[in-house]
Amino acid sequence: MSGMVTQVRPRIGALVPLTRPGWVEAGRHLLAGLELAVREVNDAGGIAGRPLELVVRDTAADPQRAAAAVDELAALGVAALAGEYHSVVARTAAARADAIGLPFLCSSAVLDALTEQPTEWVARLAPPQSRGWQTYADFLLGAGHSRIAVAAEPSVYWASGARILRDHLAPRGGTVIELDMRALTPTAMCDELVDHRATALLLLVGHPEPAVPIVKSVRRDQRLAEIMIGAPAGQPEFAEWATLLGGDGAAIPFLRYLPERFGPLGARVETALRERLAEAPSFVAFEGYDTVAVLADVLRSHGTDRARVAEAWPRVEVEGTRGQIQFSRTPGISVWQWARTPIQVVDRDPADLDRFRILHAD
């Protein structure tokens with residue numbers, strides 16, 4: 001008996017916001033995608049005959065809590081990290097994973113500078129914020145908007161978004177007017193929109209507060225009947241938005257990372273996710289599924305050694321729910337990046353709040 005080798009389960013650590021102030025609905029969708037993919041991997045025989053285990057830790061949108069979870073998961077022997085939705089939290093987790101040599105496939109966060117220095121340990125599925133928000137800026141210009149107000153809260157993510165919009169719009173004749181929501185009530189913000197003659201208002205703020213009160217104030221102000229409200233960060237993606245705002249939440253364009261139509265894998269996974277969530281799956285759920293699909297493929301091909309997992313990023317070729325996934329080095333991006341993530345600008349149809357209209361695609 002002493003000569004027997006214990007077969008250790010391959011483990012993936014998952015960072016997910018499951019409690020407030022994290023965006024809990026996004027976390028629930030991300031986890032549903034991760035868990036569905038793990039179940040399918042295990043139904044198909046696991047990794048080298050051993051079941052894949054997902055070890056989940058709640059970040060609650062707290063960077064320090066995430067950093068501690070990275071250390072804990074590393075000590076538990078995970079081969080790689082997956083997940084995280086909030087960009088600022090993912091940035092802290094990526095820095096810690098890089099420092100201790102733990103591969104991290106970031107599912108959903110978009111900040112261009114996910115790490116301060118280029119790293120071999122981190123890869124990402126979501127598109128960088130610069131690409132997504134430039135696509136959104138092109139949509140605004142195409143829709144005839146050149147005087148654009150942003151209702152902003154202080155954070156690296158919102159500041160980065162505002163800068164991308166300003167840099168992309170200014171050479172094309174667009175103006176970005178920043179409104180500091182620490183200093184303005186929603187009513188006072190409406191007065192500012194009138195004074196500045198803005199034709200579009202972008203919500204660079206948290207959900208549900210203060211995004212929901214801002215939308216209600218604008219919708220009820222007769223002076224602003226023609227203004228377009230937009231939400232590049234994707235707040236209207238989740239069902240809670242429609243529940244809280246009803247018709248007021250329709251026709252608010254936002255970014256999401258889905259193809260115009262799914263192939264066979266995406267269609268099958270959509271059905272399974274809908275059953276698991278008891279509602280339409282968001283793009284975040286597909287990001288979760290694709291994360292595990294990539295990591296499982298790497299673990300099958302390269303084993304669970306962390307250095308070998310990280311070395312595999314440039315060799316990944318995996319069919320994901322939203323297209324063929326491959327990682328490359330992108331100028332200005334410090335991590336291995338899926339360069340061809342599909343990007344759409346969509347909104348909820350005023351005639352059917354559960355239906356999304358595709359307004360622009362990249």
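**Exercise 1. Find the loop that holds R197, and check its backbone.**

Step 1: R197 sits in the loop between α6 (186-196) and β8; helices (H or I, at least four residues) and strands (E, at least two) are DSSP runs, numbered from the N terminus.
Step 2: Look at phi of R197, which is near 55°, a positive value in a residue other than glycine.

A word on ground rules before going on. Residues are numbered from 1 along each chain as its sequence is written, and side-chain values use heavy atoms, with hydrogens and water left out. The model is predicted, so to speak of local features takes pLDDT of at least 70 and side-chain atom pairs count only at pLDDT 80 or more, while totals for chains, interfaces and linings use all residues.

**Exercise 2. Judge the confidence of the model.**

Step 1: pLDDT is the predictor's confidence in each residue, from 0 to 100. The chain average is 96, and 98% of the residues score at least 70.
Step 2: Now turn to residues 1-6, where the pLDDT is below 50. Beyond near neighbours in sequence, this stretch has zero contacts in the model, a contact being heavy atoms within 4.5 Å.
Step 3: Where pLDDT is low, predicted coordinates should not be read in detail.

**Exercise 3. Describe how α1 packs against α10.**

Step 1: The axes of α1 (residues 24-43) and α10 (residues 283-302) come within 7 Å and cross at roughly 35°. Axes are lines fitted to C-alpha atoms, for helices over the stretch in contact, and angles run from 0 to 180 degrees between N-to-C directions.
Step 2: The crossing is right-handed, that is, the near helix is turned clockwise from the far one by less than a right angle.
Step 3: Residues of α1 including L30, G33 and A37 meet residues of α10 including G288, V292 and A296.
Step 4: Sorted by class, the contact has 13 nonpolar, four polar and two charged residues. Ala, Val, Leu, Ile, Met, Phe, Trp, Tyr, Cys and Pro count as nonpolar, Asp, Glu, Lys and Arg as charged, and the others, Gly among them, as polar.

**Exercise 4. Characterise the largest pocket.**

Step 1: A pocket is an open set of points on a 1 Å grid over the protein atoms alone, where a 1.4 Å probe fits, with protein on both sides within 12 Å along at least five of seven lines; lining residues have an atom within 4 Å of a point.
Step 2: The lining has 29 residues, and W23, Y85, H86, Y157 and W158 lie nearest the centre. α3 gives the most, with three residues.
Step 3: By class, the lining holds 18 nonpolar, eight polar and three charged residues.
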